Amino acid sequence: MTAVGSYFKIGPARLFVHLAVLLIVIIWLIPTLGIFVSALRDKDQIVVSGWWTAFVGSTQTVAVRLGTPDQQRQEGANYVISGNVLEGQTGRSVKAFGNRVQQPAAFDAGMTADLGDGETLQINSDGSYRYMKNAAFSPDARPRRIYVSVSAPPEFTLQNYKTVLTGEGIGQSFINSLTVTIPATIIPILIAAFAAYALSWMEFPGRALLIALVVGLIVVPLQMSLIPLLRLYNEVGTMLGQPSKTYPGIWLAHTAFGMPLAIFLLRAYIAGLPKEIIESARVDGASDFEIFTRIVLPLSFPALASFAIFQFLWVWNDLLVAMVFLGTDKDHLVLTGSLNALLGSRGGNWEILTASAFVTIVVPLLVFFGLQRYLVRGLLAGSVKGG
């Protein structure tokens, strides 16, 4: 009974946590689902209806012209022009029609509308129509304009992704982003791991001051250092006769900006490793380098993976640093830069923008789900014990 009682005692708290997590997941999934669905729809559907209606079809109003006077035929005392307003459009149906732009759905499909001057019009749901007049149509008259509310079934297409990946330069930008992100993730991890070990298990003067400096650098906005660092790059490039905006330059910039957080996270984990393991290795004659490479580094994989997720996501989604230190030319433009250019030149083409956005989401999702089991372990490590 004690065990059962304790379970129900913590039940509400556990239920609250589960509901909170579920709410966060739903909030995160809804816009992602919207982007995914919108990327599979054509431009006309996106304009007239939201993505949440994609599975039930959409209705749009279009202007069409009826047949020309030379198509009229006489039926008794009346003259009739017939045809189909949905010719060549399979799967669609007419819901309503009208003869004025102010009332484009004044008459339901199948009704006979009195247009005045002895003219009547009937448009059926399949698009067929009968335009009738009690006198002959003037041969000089223009075809009459009618507004039709057309119901379209759900339609999905991969053409947006094809356009993005082949015709908008996204493919090259995708490669450029990988070229920037992978080294900019690996380099700070390698350097920060050595620094974290030194600040955790090596005794030297000024260690506490260095730790405080690292913590202080975390809160410094990177925007403050962009201009001075870019000037330094330009001066070094001019001195060496080399361009300042290169891949090694942006690798070093991202390494510098990510180093304080990397050292802070890794030190918290490494300092929490059992002291007996380190001391036993030193008694056995192992050097600090051997202790680091053979003991500390394998045991620190959760912390390394957690920082790798943060650094990869930050560099992959970065636009400001990439534009400052790499430029916006076609050969170096990263994926976020290409999306920004699409937003400028295609402000109304949401089908292209959503497809492009979803392409950028895929790689971060793969990285996160591949390493997410180490994320919590790496972040919580060192929260109880410290060096």
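At which residues does UniProt place the feature "transmembrane region"? The unreviewed entry gives residues 15–40, 174–197, 209–230, 250–270, 291–316 and 352–371; UniProt positions follow the numbering used here, feature names are shortened, and annotations may be inferred rather than shown by experiment.

The structure is a predicted model, in which local features need pLDDT of at least 70, side-chain atom pairs count only at pLDDT 80 or more, and totals for chains, interfaces and linings use all residues. Residues are numbered from 1 along each chain as its sequence is written, and side-chain values use heavy atoms, without hydrogens and water.

Select residues 15–40: this span is 96% helix and 0% strand, with end C-alpha atoms 37 Å apart. (Helices, H or I of at least four residues, and strands, E of at least two, are DSSP runs numbered from the N terminus.)

Next, select residues 209–230, which are 82% helix and 0% strand. Helix H5 (207–218) and helix H7 (247–270) each supply at least two residues of a nonpolar patch, and H5 gives the largest share, five residues. Ile218 lies in H5 and is partly exposed, at 34% relative accessibility (buried is under 20% relative accessible area, exposed over 50%, partly exposed in between, with a 1.4 Å probe and protein chains only).

Finally, display the open antiparallel sheet, whose four strands run in the order S1-S9-S4-S5; two strands pair if DSSP finds at least two bridges between them. Strands S1 (58–65) and S5 (107–108) stand at the edges with a single partner strand each, so one side of each is left without a neighbour in the sheet. Select Phe97 to find its bridge partner in S5, Phe107.
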